[in-house]
Amino acid sequence: MEKTWRWFGEKDSITLDMLRQIGVEGIVTALHDVPNGEIWQKDKIVEVREYIQASGMHWSVVESLPVCEAIKFGGPERDRLIDNYIASLSNLGEAGIKTVCYNFMPVIDWIRTDLDYRLPDGTSTLYFNYAGFAYFDCRILGRAGAEKDYPDSVLEKVAKLDRTLSAREKQSLIDTIIVKTQGFVNGNISEKDDAPVRLFRQLLEKYDGIGRKELRQNLKYFLDAVMPVCDRYGIDMCVHPDDPPCQVLGLPRIISSEEDLAWLVGSVGNRHNGITFCAGSLSAGPENNVPGMAARFKDRVHFVHLRSTDILPGGDFIEAPHTAGRGHIVDLVRIFENMRPDLPMRVDHGRLMLGDREKNYNPGYSFYGRMYALAQVDGIMAAVRNEMDNPKFFI
Ligand code: DNO
């Protein structure tokens, strides 16, 4: 697979020169300064493409070209926004950039409750605490009927948290769940917003009456509309799985399970309608057999995120080392290396280690932690290629 890296543009303190030194071949990035819904102009795309080329790499994947909420909930402005999306795709196609990652998660993208969960070795990682999340939903957001979505055992923990969490800890939960993890991925809420919870509630209201069926219809509507421009330029659209892969905050999520992926590829059969195979997101679903899903849908996988998780008792999950956990990265590398040796792959969610913590990187996007993970995956790829070249050793 092609070794790629998510880079946040010229403002990123991790420079392209640093990435070259650690063996990165392709860059995954976006026009982060363009507000969601506006057209990505060709001159800006070309400027970024050339900046990357000047350092000896290339712009391999767009992550993300964000899909506006009104397209997801099917608001009156959706056709205009889809036209803008098509114009951006066409400009990307003309600039020769042909792999586009996006997601279709309503209101909120990826969710964690702790961005600095300390491990015994002194590093730290990302963590999802189910009771903490339920506390945010039931007590901070105060969503009507939220309690019905949680088992009694979790509601008991919520009641306890209500007595024990300090005001600062509550604030930090809000920051983690809806602010810090969202802004840098062009999400709906950023550090600049002074009333994030109120804004968040307003966004949730837009989805009144939108269930799984409606959201699926809206995704199909969007894909049907963008497929012609993808055909014209050979662009692969790659939907990112839901993280975590389950319904949250009363919102439907439709890219979570094997059945969801089967629906996705079946409902729009064009092979440009593809998948970002995020092993980490999928691995947090207890029912998901990650290598099985990769084997089944590999023909429609155009981009891979390699990371892994462990599911803990009580519904919590934690990022696992890239060599372990439910992501089964060794098996995935076998499947994907065999299929397409130039398939773009990036590691995801590095730990904080060796001074990363002081650098204020975007959560999950540390330098040393990701470099360490990339080295692990690079080693796995070398071993798998060796297996493929010397099958006699493995009979
Ligand atoms: C978080 C990421 C997500 C993902 C986007 C794709 O670290 O996995 O933000 O990139 O959802 O649109």
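A polar contact here is a pair of N or O atoms within 3.5 Å; within protein, one must be able to donate a hydrogen and the other to accept it, and residues adjacent in sequence count only if both atoms are side-chain atoms. The model is predicted, with local features needing pLDDT of at least 70 and side-chain atom pairs pLDDT 80 or more, while totals for chains, interfaces and linings use all residues. Residues are numbered from 1 along each chain as its sequence is written, and side-chain values use heavy atoms, without hydrogens and water.

Now the ligand. In the side chain of Asp109, an N or O atom is 2.7 Å from a ligand oxygen. For His349 the corresponding distance is 2.6 Å, and a polar side-chain atom of Arg6 lies 3.1 Å from an oxygen atom of the ligand. The protein buries 100% of the 330 Å² that the ligand exposes when taken alone (Shrake-Rupley method, 1.4 Å probe). The ligand is surrounded by 15 residues, and the closest include Glu63, Ser64 and Tyr365 (a heavy atom within 4 Å).

Which residues are closest to the centre of the second largest pocket? Its volume is about 290 Å³, and of its 19 lining residues, Phe128, Tyr130, Cys246, Gln247 and Val248 are the closest to the centre. A pocket is an open set of points on a 1 Å grid over the protein atoms alone, where a 1.4 Å probe fits, with protein on both sides within 12 Å along at least five of seven lines; lining residues have an atom within 4 Å of a point. Grid points are joined across faces, edges and corners, and the volume is the space filled by probe spheres set on them.
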